[in-house]
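Me: I would like to learn how to read a protein model. Could you take me through it step by step?

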Amino acid sequence: MPRPSSPPSSPRRRQWLQASAAAAAGLWLSGCEKKPAPDLLGGYTGDAMERGHALRDRLAEGAPYQPDIVRRTQVVIAGGGVAGLAAARALRLAGVDDFQCMEMDGQPGGNSRAGSVGGLACPLGAPGLPVPGDDAREVQDLLEELGLRQREAGRWRYGGEAGQYLARSPQERLFFQGHWQDGLLPVAGVGEATLAQYRRFGARVAELAGAARFAMPVLKTWAPNRALAPVHQSLDAMTFEAWLAQEGLDDAHLRWYLDYCCRDDYGAGAARVSAWAGIRYFASRHGFRAPGEGGEGVDPPGELLAWPEGNGWLTRRLAAPLAQGGQLRTGASVLRIAETRRGVEVDVYLHASDSIERWQARRCIVALPVHVAARVVRPAPDFLTQAARQLQWAPWLVANIHIDAPLAERDGAAPAWNNVLHADPVAGGLGYVHAGRPRTDSRPDSRPASPGPTVLTYYQALGDVPGAHQQLAEQPWTHWRSAILAALSAPHPDLQGRATRMEVTRYGHATPLPVPGTQALLSKIGLSRLSNKRYQLSNGERVPMPPTPGTPRLLFAHADWSGYSVFEEAFTRGHAAGLAAV
């Protein structure tokens, strides 16, 4: 989530010496007046976790209910994340306006929602979008529609008319050995043996990318009715850590960087995710180049679209016409989705009115996480039950910190969009994104923004933290506040005097974990929708319904079906489902 999917990130999870952390927190740069650390105000944002748990408990009880009202529409979209919003856009583009989109949270967008702290916009999830490649043509079309992709002199140009929505250079920096360096791959003071392993890893990535296709979105690498390519099968069968050991790639700096990349994109480190996921991180994008082989030491991250509110900028624009047209219902938890002889029924609980609506429709696009879909689709098809049983998810935490003025800086690289601590003492800590810093602007009269209050967005991927989901549900927000402030005080000693408020967003099942076997499972299922063999309940037994030609009545669209939660995956699946529902 920290950066939806840009290539060069780096891992760092070596242990931090408590003594040095305490000492760093007491250091102040010359010229900075030390202020006492305030009792920082803040709290948790939203109520998605509470509503999700209430829905789970209600479904587990199985208490009977009757709908308060029955309504009709052509298509119901269950879920208002990126996939659901993409499906709604596809319906509208096809001329279908008779649909309803149901979202449990108070605002749509899923992991790409926007918020604000102290009047300043900030991301509550994904903070930006790497410029998509040609495999993600659906996303390219969206960006063109929004004015973010334009044809100039025979080439595509991104970022708006003046490039104002491209992340300003430098994009990334690493706090390493007491100072900031450009880029996230450790290079300062590393020896020839480390550089040699960097080069060997880059060569292996290029070799594997040449042997089998790695694409974003992943479904474009799956051939109908065919197994995974042999290269993909072998990589999917082992952890990334095991593959690195098998290759003799054991350098501590390389391992640290690759571990960070895995946690940054997937939510857990190299010991949990598959080698397929570890290689795909680079092979589906820009590859990996070692220092001295081009770029700035490591393969450059490429252009990145970014906004102060993160990808919430995109989801708000996708949701706006739905809200205006009365096609979006927020605070609406889906209780049941069932096929009938004439179509589908979708029961929805409206939190604000404490009432239940039953929607009858021709089709339903199930844009829900797999573990939720498996609870509400009645009866659940075998492939859905199997996926819910075998997939794993990583919890995440996003903390937005309002500061009243720019922070003091250690020596080294200039402030960047993405700022990572090599020795972050916070479990699963990924550093912070400064989403509100000035953008690239190609206009000749452009000027830097005046210094003033801003927001830092800190990310924690908790897939490797035991009991993380329970901690998110039970611990007070101050449990996370204290650790985050202590960690960021090392590179920014005046943080605790500058911070005025922190707001924490929790995601209990934020991203699917691509553990070994995940791609084999999902590619075998091979579809994001229900097959034409349909079932109904008869005296408590599942019995086949008469076959019907054409499109299934239930269409499944969510990034979980790719095993990878990024904008490109969710949007592509939602768009395809929307077109299929017409």
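Reply: Let's begin with pairing: two strands pair if DSSP finds at least two bridges between them. Strands (E, at least two residues) and helices (H or I, at least four) are DSSP runs, numbered from the N terminus. Here, strand 3 (residues 75-78) and strand 17 (residues 363-366) run parallel and are joined by 4 bridges. Across this pair, V76 stands opposite C364. One caution: this is a predicted model, where local features need pLDDT of at least 70 and side-chain atom pairs count only at pLDDT 80 or more, while totals for chains, interfaces and linings use all residues. Residues are numbered from 1 along each chain as its sequence is written, and side-chain values use heavy atoms, leaving out hydrogens and water.

Me: In what order do the 5 strands of the open sheet come?

Reply: The order is 13-4-3-17-25, with parallel pairing. Strand 13 and strand 25 (554-556) are the edges, each pairing on one side only. From one strand to the next, the twist averages 15°; axes are lines fitted to C-alpha atoms, for helices over the stretch in contact, and angles run from 0 to 180 degrees between N-to-C directions.

Me: Which strands does helix 3 lie across?

Reply: Contact means heavy atoms within 4.5 Å. Helix 3 (residues 82-93) lies across strand 3, strand 4 (99-103) and strand 17, and runs at about 160° to strand 3.

Me: How do strand 8 and strand 9 run?

Reply: Strand 8 (residues 149-152) and strand 9 (residues 155-158) are antiparallel, with 4 bridges joining them. They form a hairpin with 2 residues between them, and A153 in the turn has a positive phi of about 50°. E152 stands opposite R155 in strand 9.

Me: Is Q327 buried or exposed?

Reply: Buried means under 20% relative accessible area, exposed over 50%, and partly exposed in between (1.4 Å probe, protein chains only). Q327 has a relative accessible area of 6%, so this residue is buried. You will find Q327 in the loop between helix 10 (312-324) and strand 13 (328-330).

Me: What is Q327 in contact with, beyond its neighbours within four places in sequence?

Reply: The contacts of Q327 are R92, D97, F99, Q100, C101, P321 and L322. With D97, a polar atom of the Q327 side chain lies 2.7 Å from the backbone oxygen.

Me: How many helices and strands does the protein have?

Reply: There are 17 helices and 25 strands. Of the 582 residues in the protein, 56% are buried.

Conventions: A polar contact is a pair of N or O atoms within 3.5 Å; within protein, one must be able to donate a hydrogen and the other to accept it, and residues adjacent in sequence count only if both atoms are side-chain atoms.
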